[in-house]
Structure formats: structure tokens, C-alpha cells
Amino acid sequence: MEPQQDSSEEQSPSAAARRRLPDWLDCHRKPVRMILRLYASLIFCWDILIILVQFFLTLLKSLFHLVRPPKAKSLSGEVAAVIGSGRGVGYDLALQLAALGVKVACIDINTTDNDLLVKKIQAAGGTACAIECDVTDKAAVGKMVATVERNFGTISMLLHCCNVPSARSLVTEPPPIEFTLTLGVISHFLLLEAVLPKMKKVSHGHIVFLTSVAGVSGLKHQMPLAVSQFAVQGLYESTLEELRIEKRQHTIHTTLVHIYPFIITDHCLNDIRLRISSAFGRIKSDDAAQRIIAGVRRNELEISIPAPLYAMETSDSTTNKKILCVGLCNIDIIQTCATYPEEDSDQRCQSSRWQRGGNASNNCTVLANLGADCELLASFSDSAQFQFALDDLRRRRIQFTHCPFHRDTEVPLSTVWLSLATGTRTIVHSNPNLPELTVNDFAKCNLKEYGWIHFEARRNTAEIARMIGRIHRWNIERPEGIAEKITISVELEKPRASNLELLVNGIDYVFVGKDFARYLQHATARDAVIGIKQLHPGQYTVICPWGASDTVAQDADGRWYSQPTYPPAVIRDSLGAGDTFVAGCIFKLFQGKSTLPEALEYASRLAGAKLAHFGFDLPGNSNGVQ
């Protein structure tokens, strides 16, 4: 039998003939190919053009933010779930977020420390709840999210802190591989699965991934830990890309935080020493938390603590500088009367109100109304009555993160009588047992964040002088990359001889009140300025407002200025007029665009506008000055 030939080979000549294009169509093959190639080339060039345009737009945006950093967003009213809040950075994140008006769900498997944290937040006037949860258990995570939503509403901020290794864990025997990967990686997926869809539903949220630099460089004998830390970075990048593709990156933000465990001092072993300890210094856990929150408020994509350890970290020089006012925060009980009440008389007032008071506190109120980013440092009482002042600070978005709370202390009160007949006010102060600030309280503030620090002279002048000395040394030895020094100003108002102890090296501006000038036996503002300069010669500016008379000032170079006042036709409320003047000067001078005469002119008009209205909320616009 003859072998059969392949049928395909027999049919190939005829099939090839059938597949051949007609002559009239074959002649158009080359032009079609040329058109397709031209189309592909145009698409390629178009893609390249889009990439170049996006590159230059991003570059211009980055350069613009170097000159003018993005404004920090408000976190008031957000609902944050802080995972691992019982200790370390998570503990301080929960505290500071609550101080900013965030409703904080403190989530930790350590119930003892977590409960103490919540009590501390609530004592400070914050809103928080403690939830025990094993974040490696899917059912427990779902139950925890439901509890948070029932108490506070939809979670809008998720901060996973329990995966960051402590310094102790890096020098001791590593935990089992399964536990490390489950806690470090799987828990992130479980939390994202429970929280992210609900953030997408409301088109609002912020997710913060905390990871160790072990995910960047690795660690000897710590392979599971390094793998889990690197996985968190991959999860962050995948989440960011998912949000970008879904066009949600502008409504749901993500931030990746790199932490170097040996630099963070909290819970660090005493026997751990850096080989070059002076290279980066040590960072307190509350400072690290403050840096993280500052980055979150500016929607930064990546943060490194400390910054030099990660090349992609944004320079700290782009941080918005704040104005810090140090002094008193009390409650004013204000009675507005037709005339000043006579002794041993019974009189009905025209109106009555409560108002948060204190010179430094009022300075912050005016600065906040003007749009400045400001912070108050004052001693706070833990009494229920003081909640009024805390609520007002939050409403005006005045920060008070570093204010110490004192247990079993009474609220400082000031009873004020405003006379409509004369426009004057009479004040009786009461401060039974609230301690004054100490230099240790001030040391908790990160000086890198401030561009101007203003002090109200109080009875703790020795401590205030030490605070000024601390800033002065920082200005001289300020870290590399910090171009501008911190401006220091003091207000000498109360008639006390101890105020003169604040005339120390390093001050830039001294505001001299009329009462203090008269206490020093000076009859005019000019005499007061001369007297202050004689007591403490130096290159600083002295400003002396003199009530209804002209304000007199002498700058650091010895030039004199005189500024008239602008009283309204009817004076309704003189309480806080001096504080308004001081805040107006600081606001204009801090902007760096106004000369001293321009700042005095602005502050005088601002104080005049305040005299015509009750309180500090002036109608028309935010500053009341046209």
C-alpha cells in the first residue's frame, strides 16, 4: 500500500493562489501599512508629550510648594482608628489627634494601657473609646469596625502602628515567622478590606501605613521582620495605584511612614547605643507623632523619621511655621453694665457672657481670626468647667497639643465689669491653685515648627527666661537646613518688678504696657521706651502702646516711630484691645512683608475696630481692617 501524501501539501499551490489578493487590491497594501505605521508613531509621540507635560507640571508644583508649602488641613470631626495605641508612637498619635478634635478609637490588645490612654484623652476634653481587638482575626476586625461606627460614625482615618518594631525586638530573639507575617501583613489586608470600601462609599479618608526602615535595608537575623516591613511598602504602593486608577487619590489619601526604631527613644533599651549617636540624635515618640500628623495634614505621600535616613523624604524646610503664644488661658465672666456699680449696691446688668481669656489666649484668638497658624501653650485645669475653653479653642482651630493638664485644680477666672457709660473695664482675677508653666513643659515643643514665639510675662519669670534662653541657643545652633531663626517677643503688662528679668539676650520685640510703664515711674510712652533700653541695651525693638494716646516704638537700629490710635465713635468693649494690638503687630511682622510703621498702623486700626464691638469676632471680614 502506497503511503498517503499530506493533503495540505497537495492543496498548497491552489490554496496559495486562492489566497493571493487581486492585482487591483494588492497595489494598495503598501500605503495601508504606511498609514498604520504613521498612526502608531503619532500615538507614541502623543504619549511621550503627555508624559513630558505631566513631568513639568509636577516639577513646577513641587518647586512652588518649596516656596509656599500646602496649607495644613483641619482634622476636626474626623474619626480615627489607631491600631496599636497602647504604647509607643501609636499612644502619642492618639493623644495628639484627640487634641486636634479627632474622635479617636484606641484599638489595642493591651486593655490596661489602652484604658488609661482613653481616660487621659477624656480628661483633656477629647473624644475617645477603647476597643480590645486582635487585628489578625477577621471576625474581630469586623466587630471592631462596627463598634467604632456605632460610637463615632464611619472611620475616616486608619493608622496601623502595631507593626512597627521596637528597639528591644531588634536585639532579642525574633518571634515566630507565622506571627510576624500575620501581624505585619495579613492584619493590614483585613483592616483595608473592612475600612477602605466604606471610605470609597463616602469619597473621604486617609490611610497611614507605618513601617520600619528594615523594609528598605533589611536586618541581620531578622528576615521575617524585614519581609513583613517590605510587604507593607508594597501594599501601600498597590493601594495608592488602585486609588489613582479609580480617580480617588484626591479624596482618599495615603501616607507611608518610615521609622528608624533606634532613633525613637520611647521604650528603648538603656544598653542600646548608636555607633555614631550624634549623627541623628534621638527623637521622642511624641515628636515623631507630631511629625506624622503634620505630614498627614499636608497629605504627604511619604514621611521619614528622621528625614536624613530616607532619600525620598521631603525636606523639613518646607514645613509651615507656626506662631506659639505662651501664657495664661482662663475664663472671663463678663457683665456689661450701664454704669460701673456702686459699692454695696444691687444693679441689673445689660448683658452677661462667658469668654475664653488670658493675654496669650486672646493673642491666639486674634491670630486665628486673621488666618494665622497658631498654637497656645498654657497650663490647663482638668475641671469640668474648663471644657468651655477647650471647646472654644477647637472651634477656632487653635492648637494646644503641648498644654499640660493639672488634676484637682480650679479654673482661673476673671470677673469683668464693662461700663457702657465710659467704655472702661474693671477686672478681678482669681487663680487659686493652677501651677504656672515650667521650662520642662516648654521643652516638649518642637522648635522646628515655629517661626515666632511670644511670651506673656507672668509670675514664673525665671522659668520664662529659661525658655527664652532655650530658643536663643537653638537660634545660634539651629539645625542644618533651617534658614530662618525663631523671632522672640515678650509682653510686659502687669505692674511687677520681676518682669524686668525677661529683658535677656535673644529677644527681638518687647511690648510694654501702660500699667507696667507707670509702675516704673514713666509718664509717657517715649520715656518708657528709653527706660527699657537703658535697663537692657541691645538690638531689639520696643513698642509701647499708650491707651488713647499715640503708640511709640524704637527699632533695633534706634529709629523712632509714632503711631496715632483710631478710636471708634462709641467704645463698646475695651477688654482685650491691648491683646488685639499685640497680635496685629505679630501677624504683620511675621508675614515678613511689612515694615514696622506698617505693622503699627495695621495693629492700631485693628485694635480700634475691636473697641467698637463686643468680643473678638468682628463683622464684615476676618480682621475688621479695610
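**View A. Helix α12 (residues 359-369) and helix α18 (residues 577-591) cross at roughly 55°, with axes that come within 8 Å.** The axes are lines fitted to C-alpha atoms, for helices over the stretch in contact, and angles run from 0 to 180 degrees between N-to-C directions. The model shown is predicted: local features need pLDDT of at least 70, side-chain atom pairs count only at pLDDT 80 or more, and totals for chains, interfaces and linings use all residues. Residues are numbered from 1 along each chain as its sequence is written, and side-chain values use heavy atoms, with hydrogens and water left out. The crossing of α12 and α18 is right-handed, meaning that the near helix is turned clockwise from the far one by less than a right angle. On the α12 side the contact (heavy atoms within 4.5 Å) is made by N359, N362, N363, V366 and L367. On the α18 side the contact is made by D579, T580, V582, A583 and F587. Helices (H or I, at least four residues) and strands (E, at least two) are DSSP runs, numbered from the N terminus.

**View B. G358 lies in the loop between β10 (351-357) and α12.** G358 is buried, with a relative accessible area of 10%; buried means under 20%, exposed over 50% and partly exposed in between (1.4 Å probe, protein chains only). Leaving aside residues up to four places away in sequence, G358 touches L328, N330 and D579. D579 also belongs to the α18 side of the contact with α12. The C-alpha atoms of G358 and A378 are 9.6 Å apart in space, and the two residues are 20 apart in sequence.

**View C. Helix α8 (residues 177-202) packs against helix α10 (residues 223-245) at an angle of about 15°.** The axes of α8 and α10 are 9 Å apart. The angle of about 15° makes α8 roughly parallel to α10. The two helices cross in a right-handed sense. From α8, the contact is made by I177, T180, L181, G184, V185, H188, F189, L192, L196 and K200. From α10, the contributing residues are P224, L225, V227, S228, A231, V232, L235, T239, E242 and L243.

**View D. W452 and Y509 form a stacked aromatic pair, one of 10 aromatic pairs counted in the model.** Rings of Phe, Tyr and Trp (its six-membered ring) pair if their centres lie within 6.5 Å; planes under 30 degrees apart count as stacked, over 60 as edge-to-face and the rest as tilted. For W452 and Y509 the distance is 5.2 Å centre to centre, with 20° between the planes. The pair links distant parts of the chain, since W452 is in strand β16 (residues 450-456) and Y509 is in strand β18 (residues 509-512), 57 residues apart. Both W452 and Y509 are buried.

**View E. F516 and Y519 form a stacked aromatic pair, with 6.4 Å centre to centre and 25° between the planes.** Both residues lie in helix α16 (residues 514-519), 3 residues apart, which is about one turn of the helix. F516 is buried, with a relative accessible area of 0%, whereas Y519 is partly exposed at 38% relative accessibility.

**View F. F380, F386, F400 and F405 are linked into a cluster by ring pairs.** R397 lies in the loop between α13 (387-395) and β13 (405-406), and F405 belongs to the cluster. Phi of R397 is near 60°, a positive value in a residue other than glycine. R397 is exposed, at 60% relative accessibility.

**View G. The charged end of K533 sits over the ring of Y540, 4.2 Å from its centre.** A charge sits over a ring if NZ of Lys or CZ of Arg is within 6 Å of the ring centre and within 35 degrees of the ring normal. R605 likewise lies over the face of Y566, at 4.0 Å from the ring centre.

**View H. D344 lies in the loop between β9 (330-337) and β10.** Phi of D344 is near 55°, a positive value in a residue other than glycine. With a relative accessible area of 80%, D344 is exposed.

Conventions
Angles under 35 degrees count as roughly parallel, over 145 as roughly antiparallel, 65 to 115 as roughly perpendicular and the rest as oblique.
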